[in-house]
Structures are given as structure tokens and as C-alpha cells.
Amino acid sequence: MQVSKEEILHIAKLADLNLKDDEVQKYRENLEEILNYANIVNNAPIEGLEETISGDNTYNVFRKDEIKQTTTREELLQNAPEQQNGMFKIPKVIN
């Protein structure tokens, strides 16, 4: 797939890149290679193939979500340098 110098400059502008003239040709060639490879992959024959997620037959093991009380609010607030109304009090970050 052919990519023009103007397209590379447009993409560079969108990405806020300042490309030198010698870099434009290099990026154009690289992008053309990427797009050509993507075209090959996109046109690969897939008839008769089954969907796969992984090549090594791994699968997700799900567990039931369980609510467990591990630490109380009072125990957590013992670590606070300052607290107010049952919450950590922190210095102001935004003016």
C-alpha cells in the first residue's frame, strides 16, 4: 500500500511529532511495510479453521466472588496521620 509524504506529515502533525525531511522517507517506508503486512494477514485464508484463543489450550479458571471483612475502618484509620469524619484527611492537592 502506497503512503504519500503528505499523509506522513499529516499523521506526524496529529501525533505532535516534528519530523525532519530525512525522517519522513524512513517513516513512509516503515508504514508501508506495516500496512502491507496487515493486508497479508487480513487476506489470509480462514475457511475451515476453528476459533482459538491460545495455542496451548489454557483456559480461565473462575471463582465465586465472596465478600470478606478483612480490616475494619477503625483499624485502617489508626494508620492515618490525620482523620476527619471517619476518613483520612490529606493536604489539599489542587488549588
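Predicted model: local features only at pLDDT ≥ 70, side-chain atom pairs only at ≥ 80, totals over all residues.
Local features need pLDDT of at least 70, side-chain atom pairs count only at pLDDT 80 or more, and totals for chains, interfaces and linings use all residues. Residues are numbered from 1 along each chain as its sequence is written, and side-chain values use heavy atoms, with hydrogens and water left out.

Q: What length does helix α2 reach from its first C-alpha to its last?
A: Helices are DSSP runs of H or I with at least four residues, strands are E runs of at least two, and both are numbered from the N terminus. Helix α2 covers residues 21-42, which is 22 residues. The expected span is 1.5 Å times one less than the number of residues. That expectation is 32 Å, and α2 comes close to it, reaching 32 Å.

Q: Which residues of α2 are buried, and within what arc do they fall?
A: Buried means under 20% relative accessible area, exposed over 50%, and partly exposed in between, with a 1.4 Å probe and protein chains only. In α2, Val24, Arg28 and Glu32 are buried. Seen down the helix axis, the buried residues line one face, because they fall within an arc of 70°. The arc is taken over the directions from the helix axis to the C-beta atoms.

Q: How far apart are the closest N and O atoms of Arg28 and Glu32?
A: A salt bridge needs a side-chain nitrogen of Lys or Arg within 4 Å of a carboxyl oxygen of Asp or Glu. Arg28 and Glu32 both lie in α2, four residues apart, about one turn of the helix. Arg28 counts as buried because its relative accessibility is 18%, and Glu32 is buried at 12%. Their salt bridge has its closest N and O atoms 2.6 Å apart.

Q: Which residues does Glu32 touch, not counting those up to four places away in sequence?
A: Glu32 is found in helix α2. Contact means heavy atoms within 4.5 Å. By that cut-off Glu32 touches Met1, Gln2 and Val3.

Q: What is the N to O distance in the salt bridge of Arg63 and Asp65?
A: The count of salt bridges comes to two. Arg63 and Asp65 are both exposed. Their side chains meet in a salt bridge with an N to O distance of 3.6 Å.

Q: How far apart in space are Ala44 and Leu77, C-alpha to C-alpha?
A: Ala44 has its place in the loop between α2 and α3 (73-77). Its relative accessible area is 35%, so Ala44 is partly exposed. Ala44 and Leu77 are 33 residues apart in sequence. In space the C-alpha to C-alpha distance is 59 Å.

Q: What is the phi of Asn85, about?
A: Most residues other than glycine have a negative phi. Asn85 lies in the loop between β1 (83-84) and β2. At 66% relative accessibility, Asn85 counts as exposed. Although not a glycine, Asn85 has a positive phi of about 55°.

Q: Where is Asp16 found?
A: Phi of Asp16 is positive, near 55°, in a residue other than glycine. Asp16 counts as exposed because its relative accessibility is 67%. Its place is the loop between α1 and α2.
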